[in-house]
Amino acid sequence: MSSKPIHTPDLSTPSEPFAVEALTADQIKGELTRQYPAKVKRKRDKQIVLNEKTKNQDGSLTLPVINANTRTSPGIITQRGCTYAGCKGVIMGPTRDIINITHGPIGCGFYSWLTRRNQTKPPTEEHDNYIPYSFSTDMQDENIIFGGEKKLKAAIQEAYDMFHPKAIAVFATCPVGLIGDDVHQACREMKRELVDCNVFAFSCEGYKGVSQSAGHHIANNGVFQHMVGNQTKEPKGKFKINLLGEYNIGGDAFVLEEMFEKCGITLLSTFSGNSTVEQFERSHWAELNCVMCHRSINYVADMIEKKYGAPWIKVNFIGAKATAKSLRKIAEFFNDADLTERVENFITAEYPAVLKAQAEVLPRTEGKRAMLFVGGSRAHSYQELFKEIGMKTIAAGYEFAHRDDYEGRKVLPDIKVDADSRNIEELTVERDEKLYREPKTNADLESLQKRDFFENYQGMMADMGEKAMIIDDVSHHEAEKLIEMCQPDIFCAGIKEKYAVQKLGVPCKQLHSYDYGGPYAGFQGAVRFYQDIDRMVNSKVKDMIKAPWE
Amino acid sequence: MSSKPIHTPDLSTPSEPFAVEALTADQIKGELTRQYPAKVKRKRDKQIVLNEKTKNQDGSLTLPVINANTRTSPGIITQRGCTYAGCKGVIMGPTRDIINITHGPIGCGFYSWLTRRNQTKPPTEEHDNYIPYSFSTDMQDENIIFGGEKKLKAAIQEAYDMFHPKAIAVFATCPVGLIGDDVHQACREMKRELVDCNVFAFSCEGYKGVSQSAGHHIANNGVFQHMVGNQTKEPKGKFKINLLGEYNIGGDAFVLEEMFEKCGITLLSTFSGNSTVEQFERSHWAELNCVMCHRSINYVADMIEKKYGAPWIKVNFIGAKATAKSLRKIAEFFNDADLTERVENFITAEYPAVLKAQAEVLPRTEGKRAMLFVGGSRAHSYQELFKEIGMKTIAAGYEFAHRDDYEGRKVLPDIKVDADSRNIEELTVERDEKLYREPKTNADLESLQKRDFFENYQGMMADMGEKAMIIDDVSHHEAEKLIEMCQPDIFCAGIKEKYAVQKLGVPCKQLHSYDYGGPYAGFQGAVRFYQDIDRMVNSKVKDMIKAPWE
Amino acid sequence: MALLRHTTDDVVERQALTVNPAKTCQPIGAMYAALGINRCLPHSHGSQGCCSYHRSTLSRHYKEPAMAATSSFTEGSSVFGGQANLLQALNTIFSVYDPDVVAVHTTCLSETIGDDIPQIADAAVAKGFVPEGKCVIHCNTPSYVGSHTTGFANMTKAMVDYFSTSTSEDKIADQINIIPGWVEPADMGEIKRLVKMMSLKGITFPDTSGVLDAPLTAEYNMYPKGGATIEQLEATGDSAGTIALGPICSGPAAEALQNKCQVPQNTLPLPIGLRATDMFIQTLRKYNGGNVPAEITAERGRLVDLVSDMSQYFYGKTVALWGDPDQLVSLTQFLVDLDMRPKYIITGTPGKAFLRRIGEVLGDGVKDVIVKQGAQADMLYIHQLIKRERVDLLIGNTYGKYISRDEDIPLIRHGFPILDRIGHQYFPTAGYRGAMRLCEKILDAFLDRQDRDAPEESFELTM
Amino acid sequence: MALLRHTTDDVVERQALTVNPAKTCQPIGAMYAALGINRCLPHSHGSQGCCSYHRSTLSRHYKEPAMAATSSFTEGSSVFGGQANLLQALNTIFSVYDPDVVAVHTTCLSETIGDDIPQIADAAVAKGFVPEGKCVIHCNTPSYVGSHTTGFANMTKAMVDYFSTSTSEDKIADQINIIPGWVEPADMGEIKRLVKMMSLKGITFPDTSGVLDAPLTAEYNMYPKGGATIEQLEATGDSAGTIALGPICSGPAAEALQNKCQVPQNTLPLPIGLRATDMFIQTLRKYNGGNVPAEITAERGRLVDLVSDMSQYFYGKTVALWGDPDQLVSLTQFLVDLDMRPKYIITGTPGKAFLRRIGEVLGDGVKDVIVKQGAQADMLYIHQLIKRERVDLLIGNTYGKYISRDEDIPLIRHGFPILDRIGHQYFPTAGYRGAMRLCEKILDAFLDRQDRDAPEESFELTM
């Protein structure tokens with residue numbers, strides 16, 4: 001095997017203005033909010049910005065300010081979900097060996113049952129896998145009137161008696177908070193009672209926060225409090241890392257697990273794709289945390305660093321270039337010749353297929369235009385993949401992100417904490433004197449830190465073209481207008497948007513569920529994505545839409 | 001195991017008159033032919049008889065004379081098929097290791113492709129099985145004009161080159177005879193050419209004879225001439241028999257094979273259900289031939305007896321009583337204490353399930369009335385099964401039988417040979433001095449012969465109730481009238497009749513294909529038949545036919 | 001390799017835990033019903049998540065946009081009540097999305113708070129947030145009562161409460177109201193077709209045909225052409241009669257209409273299967289002078305013909321079914337008529353009347369059936385029963401595919417939600433033609449299985 | 001355990017032997033076409049076996065009675081000719097079965113003999129065997145020419161030859177003839193529905209809808225209500241135009257009608273799939289003033305919507321197809337439009353025009369396709385090709401099930417004959433709605449397969 005690094009191709013989009021024929025970006029922007037009541041319009045105007053970047057004398061960029069992580073105006077048809085969805089659905093859903101009991105009426109447990117495509121692969125048939133199950137207390141009116149704690153405890157007991165799981169997690173839904181059920185107390189009691197089962201709760205009532213984001217934070221707190229650090233014995237393996245913010249949608253985590261193994265990197269835990277209780281419990285033994293989805297998981301990364309010492313870096317395994325870059329970044333951190341060689345060998349082995357696939361689709365995809373409105377990370381990371389096949393992203397935005405996800409973590413000090421954020425608990429974390437270890441890294445640690453190697457996320461805007469349109473929490477109305485005015489070749493969003501977009505004759509790629517495709521992570525995933533996008537932007541469906549008599 | 005014989009139940013139908021309310025049997029008979037042109041009516045009147053039996057002083061019966069095996073009047077919608085169907089479809093179809101090439105336009109080969117449900121079970125995956133294949137010369141107009149022999153020979157060569165079968169059989173279709181292709185000569189040539197492949201032909205053009213029956217005869221001749229006797233070494237086994245006239249529709253032969261094995265009887269060959277070339281070639285070593293379907297196979301039974309010495313008996317394995325009786329008859333022939341005990345043990349073991357099934361369905365089937373118009377044997381043998389569940393057969397007839405199948409073999413000397421029969425070759429068979437063996441049987445052989453033990457078939461009429469209606473070659477028109485006037489609970493026929501009968505609200509049981517059910521032979525088969533008939537005569541469909549507003 | 005590896009045949013009585021529910025919550029039913037009003041925007045008064053979950057599930061089932069707005073409750077609203085949110089929502093909705101009707105349903109949150117929707121709606125009118133000629137209607141759909149079918153029934157009843165008007169004591173003789181219940185858009189279309197063939201003027205509500213099966217045209221209209229219009233809903237009060245298809249989903253609206261406008265009601269089973277469709281046609285005859293056009297009789301006859309041709313393959317086959325009560329009753333009836341044997345019949349929707357109705361259609365002929373309703377009548381339970389004694393066929397929603405694969409039993413997808421196939425929206429199972437489709441699906445399931453499993457010697461060419 | 005254990009991937013060029021044919025003989029096509037005339041009894045002039053085989057095969061496919069008479073040739077007739085048989089047959093038929101029309105077709109036997117049917121029919125009339133007002137029509141269907149499709153075409157053309165009459169030079173502007181070709185009764189029904197929606201008076205011939213999909217009524221009528229009547233067939237000569245669907249099955253009749261009565265013909269592909277249906281509607285517009293009702297456009301839009309929703313599952317999938325040329329051309333077009341890849345396309349029906357037509361619909365976009373016609377374009381050959389390089393899907397008649405199981409490739413049953421399923425008679429695949437059914441079947445085939453084979457971790461709940 002050769003260890004010679006190869007050059008990754010540069011297919012990045014030129015920074016063209018966003019404007020389409022006859023309409024300037026500003027005109028388009030104006031059109032989006034024209035029909036809103038004044039108050040709504042004022043609010044939305046702060047959440048829709050044109051990416052006008054100013055290069056400062058020191059080379060740094062000044063980016064526009066965007067309003068994010070604020071309430072959606074009632075009545076607006078939004079992409080957003082709730083805190084429960086962020087906590088139970090996103091973060092806790094992918095772990096296979098916890099029985100997740102939804103405490104509430106049946107709906108929440110029903111809708112979050114298997115709908116996120118969190119794949120998991122237990123090593124044997126004997127290992128636990130509760131992902132295909134939905135557990136609920138199915139609260140009835142008498143539980144609302146007289147309280148549901150008793151039923152909750154009975155449900156935990158029944159779950160334990162039937163399944164004997166390692167852990168049971170309880171998720172509070174809207175009415176639970178209101179009627180005053182103390183889910184934490186109930187779980188503590190049951191944990192004592194059951195002895196060999198970890199039982200804990202999340203106060204993730206749907207009305208908390210302004211989007212799923214609050215739920216992520218609550219889940220981060222719970223995982224950190226109830227599981228991280230529980231394993232006292234150091235696991236074996238060289239170059240131990242955690243992968244944070246990867247949820248194994250469509251099998252992404254499998255690709256990355258294989259990649260790390262081939263490179264000789266020990267993946268202690270993933271938060272939380274294809275994960276287990278054991279992974280969380282041993283995660284504090286990692287030397288480095290690698291953060292994929294900054295939005296959903298940065299809390300735990302920070303808390304681990306504070307309590308146990310391991311620093312975190314931002315990585316991105318969406319896109320071939322990004323994957324290569326991220327792998328090299330990990331190697332750079334460990335600064336081990338052997339590891340570096342294995343990483344380079346891996347990239348060298350995988351890249352030809354990537355280049356071949358790019359060359360294959362490029363004649364059909366180059367110059368086409370995408371819009372991405374999704375998630376708290378994907379709307380950014382997937383731009384990489386579009387770039388690699390010559391497509392430009394003319395508009396993008398997140399569903400539940402904060403300003404730092406747009407403008408970079410440097411704005412963190414400037415973010416005002418409002419009422420909705422304030423009521424999400426910030427854990428006070430202190431160094432664990434027994435387990436804390438100074439970051440075990442190379443001599444250049446200091447220089448790495450100087451060049452913002454750690455804890456650095458630059459946000460979406462820095463990577464986007466001049467005057468591209470950035471819209472936080474895009475509404476259906478805005479999306480529809482945008483599509484009508486700009487006629488993109490592809491629109492990326494979620495299931496709620498998909499069919500409306502497609503009615504307009506524009507293919508819609510779901511970036512939550514991947515339209516039941518994927519994996520798209522890593523090199524293999526990139527190839528698959530190129531092909532899927534090629535199929536979509538060149539589908540014959542377009543040619544069929546108009547009847548010959550129309 | 002006990003060897004005590006048990007009594008088989010007697011559920012035979014009382015000999016009630018056929019007549020239905022308000023109409024006498026004679027009136028019904030009159031109605032059937034009323035609309036025919038005079039000449040057709042005269043002919044049909046001789047083929048529709050009431051079963052008026054006269055008991056003679058010597059205890060013998062005088063039965064009505066029926067006209068059978070005569071031409072169907074052109075224009076009549078008949079059940080009958082052609083000579084090719086009888087030869088290729090019925091007799092030769094079930095043999096698995098012959099490549100049957102239909103020489104003619106594509107249709108005949110196409111329609112006879114897998115449509116008869118002749119099941120076969122090769123012992124291993126390496127054994128030949130050509131049953132799922134259709135081979136044809138697909139004659140084109142130039143072959144009709146310039147002759148098809150050359151193409152036929154090329155087709156034989158191609159079949160041989162691709163598959164290397166043990167044997168290739170060629171079937172002539174209508175135009176072949178007309179244009180003068182000498183299929184026999186072509187086969188002789190190819191047999192010489194190919195050396196290790198038996199190649200022979202059947203002149204079974206569709207226009208020969210008046211029904212499939214001619215084809216049976218032609219096939220009997222061919223099998224006898226080209227295969228029977230070819231194996232010179234005596235096969236092993238005690239109590240060696242052949243089963244003749246069993247075609248393994250729906251797996252009947254499998255049931256019987258198992259039955260013989262359990263009884264210690266060696267089945268050398270079946271003509272031709274689940275059969276092979278090897279079976280035919282060794283069949284002359286049998287000590288006894290057991291004839292199921294008298295009509296289709298009596299020729300070969302006679303010829304084997306003449307040439308090799310083994311006598312034949314009529315057996316019937318349709319119906320539990322008949323099965324027990326037939327097994328005992330075989331045991332009686334061999335007159336071996338051990339065999340008799342095994343046979344009785346077998347009957348004792350199987351009968352309880354039969355009685356249980358009868359008792360189960362009887363309350364729902366007793367007194368119901370059946371009509372059977374099918375085949376050259378089944379219309380008789382299946383009456384046994386109906387009797388066993390208390391159902392009476394009020395009308396029956398064959399599709400392609402001869403007078404002896406109705407009136408018994410005693411009428412054979414009286415049957416006039418007409419032009420249509422005369423042109424089917426009667427082989428001249430002489431004793432094979434080397435291989436002929438005197439019937440090896442018990443001391444009572446003479447007494448057995450005296451009571452018509454051998455070569456005796458009494459025909460359908462003797463078994464049917466007084467004034468039951470017997471119709472040879474029933475036409476669609478007659479069947480329809482009969483159903484309308486008599487409203488039977490079930491009608492047994494074939495696929496061509498099935499849906500017309502069912503339109504009248506009467507379930508139609510196919511006794512060619514068993515409606516894709518079966519097996520119905522032997523004890524297990526009887527149980528299955530009881531249940532299927534119970535289902536049909538008690539189906540809820542009847543109750544649905546009339547709309548509530550009708 | 002079992003997908004549901006923790007499910008065993010050890011059936012334990014449970015009191016508190018529901019595992020793999022055979023129902024979901026009220027609001028989604030209200031949302032689906034509201035989409036059956038022309039130019040109506042459903043509105044979820046509660047947290048954003050409810051609305052998001054309902055829209056996602058409806059979109060996954062119908063493969064269509066399912067537009068709805070939400071009051072976007074935050075912690076503040078849950079403390080102070082949702083009035084401000086709903087007021088602002090109505091203002092925004094009418095400004096931006098221009099519906100004719102906003103159909104508000106509550107959630108467990110706003111129900112627990114106790115928001116008074118009519119009062120808030122009145123306030124919105126007072127503030128001028130509701131343009132002239134536009135309406136806000138509502139129903140209460142506490143998630144902790146009943147199931148999604150209850151929510152559907154409640155919103156359907158709201159249509160009567162808000163719109164139905166009797167303008168005269170003389171009813172219009174040939175005009176009848178059809179309340180189709182929770183069925184597919186294609187079923188609503190089929191029911192309307194039958195009514196039209198019976199020469200009756202039918203007002204169908206809700207009516208999602210033309211809404212949730214809209215064409216792709218490169219133009220997007222938030223309000224497709226289908227759905228019952230306000231005028232039609234108002235006119236229901238003058239109809240000669242109401243046919244409520246399914247007592248659970250359609251009964252309350254029919255009852256309300258009878259009380260409010262003296263329109264006589266007829267509550268029938270959903271017209272799925274031969275007999276239930278017969279009852280539907282028979283009831284229509286009360287209003288059209290008794291005539292049934294030959295084409296309907298012929299359709300029925302074709303169904304009987306097909307049943308006759310297929311019956312040998314159906315006879316005695318055992319079935320496990322789960323889903324909504326109204327659907328299960330008619331399906332069970334049809335299966336019994338096909339000489340099949342329903343064996344386990346499960347609905348998460350609570351209500352003892354279901355047991356009685358199933359008992360009636362089973363009659364005396366069908367033995368050893370387990371019928372269960374309520375919270376613990378879930379898909380874990382039915383799976384456990386199947387593990388104890390298997391069946392030949394499963395009929396139910398997409399979640400059955402896990403049982404189907406684990407137990408190697410074919411699944412006919414029917415009911416809600418069907419997330420993993422397309423076709424249920426477009427091809428009816430209601431009416432005689434729908435029954436033919438059901439038969440075709442059942443037969444295919446059995447014969448595909450037979451073709452797969454037959455030993456070489458009994459692989460069949462024909463049937 | 002292979003069902004076709006002798007089939008290998010070793011493709012050998014053959015000249016003489018056909019193995020597992022992808023066609024059958026002419027007369028069955030003539031019989032099927034004749035059943036599409038109201039009150040017509042088909043008559044097979046030849047040996048009994050032909051008639052028996054054809055009736056059996058038609059009954060197994062349609063699950064309906066297929067009544068036909070035969071001349072019951074014996075050896076004598078084959079020597080002296082079949083005149084006496086046919087005369088007697090006609091006498092008996094009219095006496096007993098009372099049809100309005102007897103449609104005689106020949107067989108290889110009577111063709112080889114050279115019987116002159118019109119002369120015999122004239123003799124029958126002369127002898128008074130043909131009652132007043134009743135007709136005997138005929139066509140020649142030598143089994144050794146063409147295939148079953150040729151026989152269908154010939155009998156269809158006979159309808160023109162015998163009946164079509166031009167009563168005036170002025171054609172009836174809104175009356176058009178539709179020759180639907182060999183499709184299912186349901187397809188003929190669907191085609192008629194579209195014509196009616198286009199406000200045209202269509203005369204469809206042959207028309208087996210209402211004949212081979214008749215209801216079960218406890219009464220049996222040898223001549224069900226459906227079929228083109230003599231009056232309609234006569235009136236075809238006054239129509240403004242003829243639309244022949246499928247050049248092979250329908251072209252000759254349209255051509256004859258143009259020559260005989262100067263009715264302009266339009267020969268189109270069978271309207272299976274979106275584009276072929278578009279062409280059909282476009283051609284209808286020539287006769288109705290150009291209008292297309294919104295409901296047809298909506299049906300089309302629903303098809304496009306469904307294709308859009310399904311397209312990711314279709315893209316790039318390879319297909320092997322066999323069957324009749326007219327069907328294969330339209331199916332191939334549709335598959336290409338669905339972004340699928342037809343790979344092997346086989347018909348036993350001889351004729352090089354087929355290769356050209358397939359080439360046209362494949363266009364330049366689809367590579368590496370093997371297309372073959374004629375005697376050796378049989379199912380052994382296509383199976384061998386599949387063994388050499390497999391495909392994702394099979395589309396063809398029931399005989400494909402052996403290949404399907406041996407190679408573990410899903411089969412969509414389409415074409416003739418379908419012996420082992422029910423449904424094809426009742427649910428159209430023609431028109432936009434038919435195309436939706438085809439899509440549903442294809443999607444089900446792929447997704448059922450995916451659900452069966454998915455590893456545990458990628459078993460999908462939704463699509």
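Mentor: Keep in mind that this is a predicted model. The largest nonpolar core has 295 residues. Within it, B:Phe260 and B:Leu327 touch the most other members.

Trainee: Which helix gives the most to this core?
Mentor: Helix H17 of chain D, residues 431-453. Ten of its residues belong to the core.

Trainee: And what is B:Leu327 in contact with, leaving aside neighbours within four places in sequence?
Mentor: Quite a list. It includes B:Met259, B:Phe260, B:Cys263 and B:Ile265. B:Phe317, B:Val343, B:Phe346, B:Ile347 and B:Phe523 are in contact with B:Leu327 too.

Trainee: How many residues are in the second, separate core?
Mentor: That core has 294. Among them are A:Val199, A:Leu339, A:Cys492 and C:Ala244.

Trainee: Switching topic. Where is A:Ile533 placed?
Mentor: In helix H21 of chain A, which spans residues 522-537.

Trainee: Buried or exposed?
Mentor: A:Ile533 counts as buried because its relative accessible area is 0%, and the cut-off for buried is under 20%.

Trainee: What does A:Ile533 contact beyond four places in sequence?
Mentor: A:Phe386, A:Ile389, A:Met391, A:Ile490 and A:Lys509. Take A:Ile389: it sits 144 residues from A:Ile533 in sequence, yet their C-alpha atoms are 9.1 Å apart.

Trainee: Last one. What does UniProt annotate on chain C?
Mentor: An unreviewed UniProt entry gives "domain: Nitrogenase/oxidoreductase component" for residues 25-446 of chain C. That span is 48% helix and 15% strand. Its end C-alpha atoms lie 34 Å apart.

Definitions and conventions. Residues are numbered from 1 along each chain as its sequence is written. Chains are lettered from A and ligands numbered from 1 in the order in which they are written. This is a predicted model: local features need pLDDT of at least 70, side-chain atom pairs count only at pLDDT 80 or more; totals for chains, interfaces and linings use all residues. Side-chain values use heavy atoms; hydrogens and water are left out. Helices (H or I, at least four residues) and strands (E, at least two) are DSSP runs, numbered from the N terminus. Buried means under 20% relative accessible area, exposed over 50%, partly exposed in between (1.4 Å probe, protein chains only). Contact means heavy atoms within 4.5 Å. A nonpolar core is a set of buried Ala, Val, Leu, Ile, Met, Phe, Trp, Tyr and Cys residues joined through side-chain atoms within 4.5 Å. UniProt positions are given in the numbering used here, feature names are shortened, and annotations may be inferred rather than shown by experiment.
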